[in-house]
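Here is a guided walk through one protein and its ligand. Keep the structure in view as you read.

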Amino acid sequence: VWSQVPMGPADPILGVAAQFKADPSTTKVNLSIGAYRDNDGKPVVLDSVKRAEQIIKEKKLDNEYLPVEGLQSFIDASIKLGYGDAYYAQNGKSIAGCQVLSGTGAVRLGFEFAKKFLPQGTKVYMPNPTWPNHHNIARMAGLEISEYRYFDPKTRGVDFSGLVEDLNKAQNGSVILFHACAHNPTGCDLTTAQWTQLLDLTKKKNFLPFFDMAYQGFTSGDVNKDAEAVRLFTAQGVPIVLGQSFAKNMGLYGQRTGCLSFVCANQQEKDKVVSQLKLLARPLWSSPPLHGARVADIILNTPELNQLWLQEVKMMANRIQLMRVSLANTLKSLGSPHDWSHISKQIGMFAFTGVGPEHVKELIAKYHIYLLSSGRISIAGLNEGNVKYVAEAFHDVTKN
Ligand code: LMR
């Protein structure tokens, strides 16, 4: 029956992670997927998560379905975390929230909603480059995609004039996808002044800003600072859409824990939006997963655990920053003819190294160091035990 089905290509990120897993080398290094590792290269279950899980166990809770929209106390706490306490206190009643399957689920449900309720032909503008799955999600939701310039390979920084030029040309009312912080894959974020300029442009052109915030806390170590762009826009009354994931900042990767929210004009509008989100989510996943939402809910709503979690976020961000500096410095001390300072200047979980696909192939074949063909590395995969090996390999493949 299925003989005509062609073999699909591997995912540009998950495919590399699978290649790493299958490699029997004892010196292999996984710099592909954005998942935090400790200094021994091991996955981490945060202490705040362990303590929340202990509380869940002691409460002897059942495994009944959540409602389609999810666990309400988790949704409220997520919204508070994203928009800030003050905004929530004033406007919380008009924010429509829905629990979703992590960042992917947030973008998917948000795009499905945009497709259904925005005028036909409305395009979504994405940064070039962006997380490759953004394109898949928009395509599956039936949204037309356009791109705006984001990265300048020459400066290894944001191409802000290109970005503004492209968005100026975009049709009024377009959906503009922004990475709220820790841009994936470039590791380059916008400055406050640049966000302010984009806010003016957004208002002028009546754009719908869609913030994908999958790394809140990973840029600065401070969850409030990292939500700056979201709060800048909402303070001016811009009706944003916000996707939040707890995969990275709580390490709840496989639990698929996230929240999608819409700033609405009033409570009535909010109720209608939630009712439609439920209608879209029901045939997609029926109701969202329970465990991760319970964990995040307890952490966000228990002051002592919340404090512990905030410290753990800072700890993860700090270790990544240390590894950035260590990799850049080691490359310099090895006498690399290239300037690698962008690695320590970039932010978030990734560095956009600038190495080309040929170098990537050599790093994988010769050194069993796995990274994306775009040259993106997950800094979280570096540690004191492998950073020198990685620097030596990068130096070797790029020195001529
Ligand atoms: C990544 O960019 O590596 C992560 O967001 C993991 C994923 O699902 O692609």
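Predicted model: local features only at pLDDT ≥ 70, side-chain atom pairs only at ≥ 80, totals over all residues.

Residues are numbered from 1 along each chain as its sequence is written, and side-chain values use heavy atoms, with hydrogens and water left out.

Start at the ligand. Its shell consists of Ile-13, Ile-33, Gly-34, Trp-131, Asn-184, Tyr-215, Lys-248, Phe-350 and Arg-376, each with a heavy atom within 4 Å of the ligand. By class, 5 are nonpolar, 2 polar and 2 charged. Here Ala, Val, Leu, Ile, Met, Phe, Trp, Tyr, Cys and Pro count as nonpolar, Asp, Glu, Lys and Arg as charged, and the others, Gly among them, as polar. Domain 1 (14–42 + 317–398) and domain 2 (65–301) each supply at least three residues of this shell; the bounds come from an automatic or database domain assignment.

Which atoms approach the oxygen atoms of the ligand? For Trp-131, a polar side-chain atom lies 2.9 Å from a ligand oxygen. For Asn-184, the corresponding distance from a polar side-chain atom is 3.0 Å. The protein covers 82% of the 260 Å² of accessible area that the ligand has on its own, by the Shrake-Rupley method with a 1.4 Å probe.

Now look at the cavity lining. Tyr-148, Tyr-150, Phe-178, His-179, His-183, Leu-190 and Trp-195 line the largest cavity. On a 1 Å grid over the protein atoms alone, a cavity is a set of points where a 1.4 Å probe fits but cannot get out, and lining residues have an atom within 4 Å of a point. The lining holds 5 nonpolar, 2 polar and no charged residues.

Methods
Polar contact = N/O pair within 3.5 Å; in protein donor to acceptor, adjacent residues only side chain to side chain. 1 Å grid on protein atoms, 1.4 Å probe; cavity = no way out; pocket = protein on both sides within 12 Å on 5 of 7 lines; lining within 4 Å.
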